[in-house]
Amino acid sequence: MTNLQKVGLLIESDDNLDMGRLCDSLAELESLQFLCLEVEDSLQISLVAGLSKLSHVVKLKLKGDLASLAAHPCVFPPNVCQLTLVNSDLHPDSIQLDSMAILENGFRGLKFLRVDQLMSMKEMKLGKGAMAGLKCLQIFKCYLLRGLPEELISLTNLEKLEILEIPEQFIARIQISDFHKLKHIPNIMVGTS
C-alpha cells in the first residue's frame, strides 16, 4: 500500500469520519501523487487543514460538498499542480464562492485548474501573481458566472482556455467585452450546452 500513487475515496457516510486522521494516513503514502475525494450528495464534509499534510500530492480532485470551517480554513497540498473542483461548495480562504477569489500569489505552481458545476459561482477574481504558472483553465457548467477576471491578461503562460456548457449571453460577453483578456491565449474553446 505504501507504493500507491493514485487513491480515490468515496465518502458515503460521515459516521465516525475523522478527516484529520484520514489525511494523516494518506500523508504516510509517500508515493501518493493523485488523490480524488468524492462526497455523496447528502453529506457535507469539513476538510479543515488535513490536505496541507499531503505534500506528495500533485493532482487533486474534489467532488461534492466539501466545506471548511471558517475557524480552521482548508489548506491545499503545497505541491498541487492540477486541481479539479466538481459540484463543490468548497469555501477555504483561497477560494470563496459565490465569488471565487484566488488570493495574491496563490497557487503559483498550479498548471491545470478545472471548475465544474460550481452552481453558485458568479465571479472569479485573481490576486496579483495568482496562478502565474497556469497552462490550462477549464470552466464547465458554471451557469451564474457573469464574466472572466481581468487578471487573465497577466496569465502569460496560459496555453488553453475551455469554457463549455454556459449560457449564450456569457458567450456574447466573451466576444465583446472580455475579448481583450484572451488575446494572448493560443487555444480557446467556448460553447453552450
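**Notebook: a buried charged pair and its surroundings**

I started with Lys 181 and Asp 178, and both are buried (buried is under 20% relative accessible area, exposed is over 50%, partly exposed is in between, with a 1.4 Å probe and protein chains only). I was working in a predicted model, where local features need pLDDT of at least 70, side-chain atom pairs count only at pLDDT 80 or more, and totals for chains, interfaces and linings use all residues. Residues are numbered from 1 along each chain as its sequence is written, and side-chain values use heavy atoms, with hydrogens and water left out.

**Entry 1: the pair**

I read off 4% relative accessible area for Lys 181. Asp 178 came out at 1%. The two form a salt bridge, with the closest N and O atoms 2.8 Å apart. I took a salt bridge as a side-chain nitrogen of Lys or Arg within 4 Å of a carboxyl oxygen of Asp or Glu. Their side chains also make a polar contact of 2.8 Å. For a polar contact I used a pair of N or O atoms within 3.5 Å; within protein, one must be able to donate a hydrogen and the other to accept it, and residues adjacent in sequence count only if both atoms are side-chain atoms.

Where does Lys 181 sit? I found Lys 181 in the loop between helix H2 (168-176) and strand S12 (187-191). Helices (H or I, at least four residues) and strands (E, at least two) are DSSP runs, numbered from the N terminus.

**Entry 2: the network**

I then looked at Arg 173. Arg 173 forms a salt bridge with Asp 178, the closest N and O atoms being 3.4 Å apart. Arg 173 is partly exposed at 35%, whereas Asp 178 is buried. Salt bridges that share partners join Glu 150, Arg 173, Asp 178 and Lys 181 into one network.

My search of the whole structure gave 10 salt bridges. One of them I checked was Asp 116 with Arg 114, at 2.6 Å between the closest N and O atoms. Asp 116 is buried at 5%. Arg 114 is partly exposed at 25%.

**Entry 3: neighbours and core**

What does Lys 181 touch, leaving aside neighbours within four places in sequence? I listed Leu 148, Pro 149, Glu 150, Leu 152 and Ile 153 (contact means heavy atoms within 4.5 Å).

I followed Leu 148 next. With residues up to four places away left out, Leu 148 touches Asp 178 and Lys 181, and also residues including Ile 139, Phe 170 and Ile 174. Leu 148 is among the residues with the most contacts inside the largest nonpolar core, which has 49 residues. Others in that group include Leu 35, Val 115 and Met 131. A nonpolar core is a set of buried Ala, Val, Leu, Ile, Met, Phe, Trp, Tyr and Cys residues joined through side-chain atoms within 4.5 Å.

**Entry 4: helix H1**

I looked up the buried residues of H1 (residues 19-27) and found Met 19, Cys 23 and Leu 26. Seen down the axis of H1, they fall within an arc of 60°, so they line one face of the helix. The arc is that of the directions from the helix axis to the C-beta atoms. Asp 18 caps the N-terminal end of H1, with a side-chain oxygen 3.1 Å from the backbone nitrogen of Gly 20.

**Entry 5: a loop residue**

Last, I checked Ile 166, in the loop between strand S11 (160-164) and H2. Ile 166 is buried at 4%. Its C-alpha atom is 5.7 Å from that of Lys 141, 25 residues apart along the chain.
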